[in-house]
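Please read it with the structure open beside you.

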Protein chains: 2
Amino acid sequence: MCVVKECCIHDLHHSTVVSVKTCRLKMQSLQQKASDWSGVPTDDAFAIDDTNLFQKMGLQSFVNLSTNFYNRVYDDEEEWFRLIFASSEKENAIQNQYEFFVQRMGGPPLFTQRRGHPALIARHRPFPVTHQAAERWLHHMQQALDSTPDIDDDSKTKMMNFFRHTAYFLVAGDELKNQNQQIPFKHAAKRDDS
Amino acid sequence: MCVVKECCIHDLHHSTVVSVKTCRLKMQSLQQKASDWSGVPTDDAFAIDDTNLFQKMGLQSFVNLSTNFYNRVYDDEEEWFRLIFASSEKENAIQNQYEFFVQRMGGPPLFTQRRGHPALIARHRPFPVTHQAAERWLHHMQQALDSTPDIDDDSKTKMMNFFRHTAYFLVAGDELKNQNQQIPFKHAAKRDDS
């Protein structure tokens with residue numbers, strides 16, 4: 001079901017907004033898709049907020065995890081996946097990731113101080129965040145978590161639930177960029193009459 | 001300068017990614033535009049993280065501020081602006097806003113528990129976030145802050161800097177949706193040879 005095409009359209013020339021309730025439905029739908037596709041309910045995904053994982057694990061665990069993760073990604077035997085990251089220096093990718101994780105999991109706002117709002121969907125816009133790519137990302141992250149000994153099992157479970165849900169939130173967000181935001185005004189007007 | 005069209009393109013049929021450094025430049029550019037257009041340097045925008053404003057102000061101040069703000073917005077004499085919000089119930093708009101502010105300014109993650117990642121740019125995608133709309137939003141927010149007596153002057157200044165910067169971050173983000181993500185593969189391949 002495509003709801004994006006039915007979304008709010010502002011015709012600046014006519015100073016008219018066609019108000020459509022599906023605007024809000026669209027974002028609820030992203031969240032719903034994230035849960036449906038990942039198999040992780042929202043409550044489980046955001047159980048990372050129940051404990052301060054940064055205080056529990058410390059900065060170095062996050063640095064180790066992201067280093068471990070990107071070592072795998074940049075050496076991936078699957079060329080199609082490896083090449084998604086080829087435009088970034090590995091060191092930058094590592095820093096961007098652990099700074100975001102630290103900030104999101106109870107630590108200082110390192111990412112925002114350097115780069116601003118996370119704006120997760122917008123920042124992934126240049127990349128093909130497909131179901132296949134999400135699964136490959138999660139495969140490497142599971143392995144990275146399993147080979148980072150200073151992360152306890154409960155934190156691993158919480159983090160993987162968050163990662164799984166978020167990966168599919170981004171897959172759902174990725175679909176938006178292929179959909180046309182603009183619809184003909186008469187089309188929108190017709191909806192308003194219905 | 002348009003850098004978006006030069007961004008990473010993944011040709012799924014050819015299993016090839018053209019890696020382009022402008023991917024990262026694009027997001028730096030959003031952040032840069034936010035500072036340039038708002039006149040608020042990043043450090044000032046995120047000075048809201050220096051103090052826990054939620055602990056300082058308390059939940060009710062945020063509820064009052066957002067109620068005050070949306071009362072003005074939904075009664076705006078400027079129809080073009082008022083109509084942008086016409087697809088949402090005022091009560092929902094108020095709740096979405098104060099839950100995000102509470103979460104972002106040191107309080108519990110109310111927004112995420114109910115709606116998931118903030119994904120600021122993506123969630124504003126249905127709306128026309130123009131320079132003019134940003135200024136009108138900021139006008140009402142300044143008035144709302146000035147008429148919410150339980151917010152001290154230092155917090156008001158910090159919050160307005162955050163709001164100004166963020167409004168223009170979203171204006172910059174809004175431009176993305178009018179730009180085509182896809183470019184012909186031969187075009188991309190040519191870049192790769194250069």
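1. Is A:Gln95 buried, partly exposed or exposed? The model is a predicted one, and that applies to every value in this note. A:Gln95 has a relative accessible area of 25%. Buried would need a value under 20% and exposed one over 50%, so A:Gln95 counts as partly exposed. The residue belongs to helix H6 of chain A, which covers residues 90-104. A:Ser66 is 29 residues away from A:Gln95 along the chain, yet the C-alpha atoms of the two are separated by 7.8 Å.

2. Of the 194 residues in chain A, 56% are buried. Take the contacts in chain A between residues at least 6 apart in sequence: 70% of them join residues at least 24 apart.

3. Two packed helices are described by the angle between their axes and the distance between the axes. In chain A, helix H4 (residues 59-74) and helix H9 (residues 131-146) have axes 9 Å apart, at an angle of about 135°. Angles over 145 degrees would count as roughly antiparallel, and H4(A) and H9(A) are therefore oblique to each other. Their crossing is right-handed.

4. Which residues bring H4(A) and H9(A) together? On the H4(A) side they are A:Leu65, A:Asn68, A:Phe69, A:Arg72 and A:Val73. On the H9(A) side they are A:Trp137, A:His140, A:Met141, A:Gln143, A:Ala144 and A:Leu145. By class, this contact of H4(A) with H9(A) has seven nonpolar residues, three polar and one charged.

5. H9(A) also packs against helix H10 (residues 153-176) of chain A: the axes come within 10 Å and cross at roughly 165°. That angle makes H9(A) and H10(A) roughly antiparallel. The crossing of H9(A) and H10(A) is right-handed. From H9(A), the residues in contact include A:His131, A:Trp137, A:Met141 and A:Leu145. From H10(A), they include A:Lys156, A:Met159, A:Phe163 and A:Val171. The contact of H9(A) with H10(A) counts 11 nonpolar, two polar and four charged residues. A:Trp137, A:Met141 and A:Leu145 are in the list for H4(A) and in the list for H10(A).

6. How are H9(B) and H10(B) placed relative to each other? Their axes lie 10 Å apart at an angle of about 165°, and the two helices are therefore roughly antiparallel. H9(B) passes H10(B) in a right-handed crossing. Among the residues making the contact are B:Trp137, B:Leu138 and B:Met141 of H9(B), with B:Met159, B:Met160 and B:Phe163 of H10(B). The classes here are 11 nonpolar, two polar and four charged.

7. In soluble globular proteins, nonpolar side chains tend to be buried together. The largest nonpolar core in this model has 53 residues. Those that touch the most other members are B:Phe62, B:Phe101, B:Met105, B:Trp137, B:Met141, B:Met159 and B:Phe163. Several helices of chain B supply at least two residues each, among them H1 (22-38), H4 (59-74), H6 (90-104) and H9 (131-146). H10(B) gives the most, with 11 residues.

8. Leaving out residues up to four places away in sequence, B:Phe62 touches B:Leu53, B:Phe54, B:Met57, B:Tyr98, B:Phe101, B:Val102, B:Met105 and B:Met159. A second, separate core has 52 residues, including A:Tyr70, A:Phe101, A:Leu120 and A:Val171.

9. A last point concerns backbone angles. Most residues other than glycine have a negative phi, and most peptide bonds are trans. A:Ala119 is not a glycine, but has a positive phi of about 40°. It sits in the loop between helix H7 (110-115) and helix H8 (120-123) of chain A. A:Ala119 is buried, with a relative accessible area of 5%. In chain B, B:Ala119 has a positive phi of about 45°. B:Ala119 is found in the loop between H7 and H8 of chain B, and is buried with a relative accessible area of 4%.

How values were computed
Residues numbered from 1 in each chain as written. Chains lettered and ligands numbered in written order. Predicted model: local features only at pLDDT ≥ 70, side-chain atom pairs only at ≥ 80, totals over all residues. Heavy atoms only, no water. Axes fitted to C-alpha atoms, helices over the stretch in contact; angles between N-to-C directions. Helix = DSSP H or I, 4+ residues; strand = E, 2+ residues; numbered from the N terminus. Parallel < 35°, antiparallel > 145°, perpendicular 65-115°, else oblique. Left-handed = near helix turned anticlockwise from the far one by under 90°. Contact = heavy atoms within 4.5 Å. Nonpolar A, V, L, I, M, F, W, Y, C, P; charged D, E, K, R; others polar. Core = buried A, V, L, I, M, F, W, Y, C linked by side-chain atoms within 4.5 Å. Buried < 20%, exposed > 50% of the residue type's maximum accessible area, 1.4 Å probe, protein only.
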